[in-house]
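Try each task on your own before reading the solution.

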Amino acid sequence: RIVTPLELIKTTDLKFGNIAAGPSAGTVVIGTDDSRTKTGGVTLIAAGNVSNAANFYVVGYPDATFTINIPSTILITSGNEEMTVDNFVSNLGSSSTLDGIGEAVLKVGATLNVDPNQSPGLYTGSFDVTVAYN
């Protein structure tokens, strides 16, 4: 039997929101439930904030199992400045099963590592997510 190829459709980018760096290092964690928490010397700014996990639809053969590969670490940049994003997590773990109509919702969160006195700017980057039938 030839089945429908597995398709991954991004619907929302991962966004850490508005942050102020302080004199000591800190992190901003976006959970797969879209929660935003901080540690250390960062301040989460509420004004104009948009923060959320990355969202994807996985579409394929009904009730099929599949694996999920997400990165371990990436760099995001603003001009010559950079920050590390790591500890990527998936709401589905490393494998899951499509529902009876061949769909699943995949959410990916991660941790942003902010250096002491990190330079202001709009930091951007990208990461790859892959899914494959088992």
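**Exercise 1. Which residues form a nonpolar patch on the surface, and where do Val105 and Ile9 sit?**

Step 1. Val105 belongs to strand 11 (residues 103-114), while Ile9 is in strand 1 (residues 7-12). Helices (H or I, at least four residues) and strands (E, at least two) are DSSP runs, numbered from the N terminus.

Step 2. Val105 has a relative accessible area of 42% and is partly exposed; Ile9, at 32%, is partly exposed too. Buried means under 20% relative accessible area, exposed over 50%, and partly exposed in between (1.4 Å probe, protein chains only).

A word on the basis of these solutions: this is a predicted model, where local features need pLDDT of at least 70 and side-chain atom pairs count only at pLDDT 80 or more, while totals for chains, interfaces and linings use all residues. Residues are numbered from 1 along each chain as its sequence is written, and side-chain values use heavy atoms, with hydrogens and water left out.

**Exercise 2. How many strands does the chain have, and what box do its C-alpha atoms fill?**

Step 1. There are twelve strands and zero helices. Read from the N terminus, the elements run β-β-β-β-β-β-β-β-β-β-β-β.

Step 2. Along the principal axes, the C-alpha atoms fill a box of roughly 60 × 25 × 20 Å.

Step 3. Of the 134 residues in the chain, 36% are buried.

**Exercise 3. Find the salt bridges: how many are there by the rule?**

Step 1. Start with the rule: a side-chain nitrogen of Lys or Arg must lie within 4 Å of a carboxyl oxygen of Asp or Glu. The count is two salt bridges.

Step 2. One of them joins Lys10 to Asp13, with 2.6 Å between the closest N and O atoms. Asp13 is partly exposed, with a relative accessible area of 39%.

Step 3. Asp34 and Lys107 also form a salt bridge through their side chains, at 3.0 Å from N to O. Asp34 lies in the loop between strand 3 (18-30) and strand 4 (36-45) and Lys107 in strand 11, so this pair ties together parts that are 73 residues apart in sequence.

**Exercise 4. What lines the largest pocket?**

Step 1. Recall the idea first. Rolling a probe the size of a water molecule over the atoms shows where empty space is left.

Step 2. The largest pocket holds about 800 Å³ of space. On a 1 Å grid over the protein atoms alone, a pocket is an open set of points where a 1.4 Å probe fits, with protein on both sides within 12 Å along at least five of seven lines; lining residues have an atom within 4 Å of a point. Grid points are joined across faces, edges and corners, and the volume is the space filled by probe spheres set on the points.

Step 3. The lining of the largest pocket has 30 residues, and Leu14, Phe16, Ile76, Tyr123 and Thr124 lie nearest the centre. Elements giving two or more residues to this lining are strand 2 (15-16), strand 3, strand 6 (54-59), strand 8 (73-78), strand 9 (81-90) and strand 11.

Step 4. Sorted by type, the lining contains 18 nonpolar, nine polar and three charged residues. Ala, Val, Leu, Ile, Met, Phe, Trp, Tyr, Cys and Pro count as nonpolar, Asp, Glu, Lys and Arg as charged, and the others, Gly among them, as polar.
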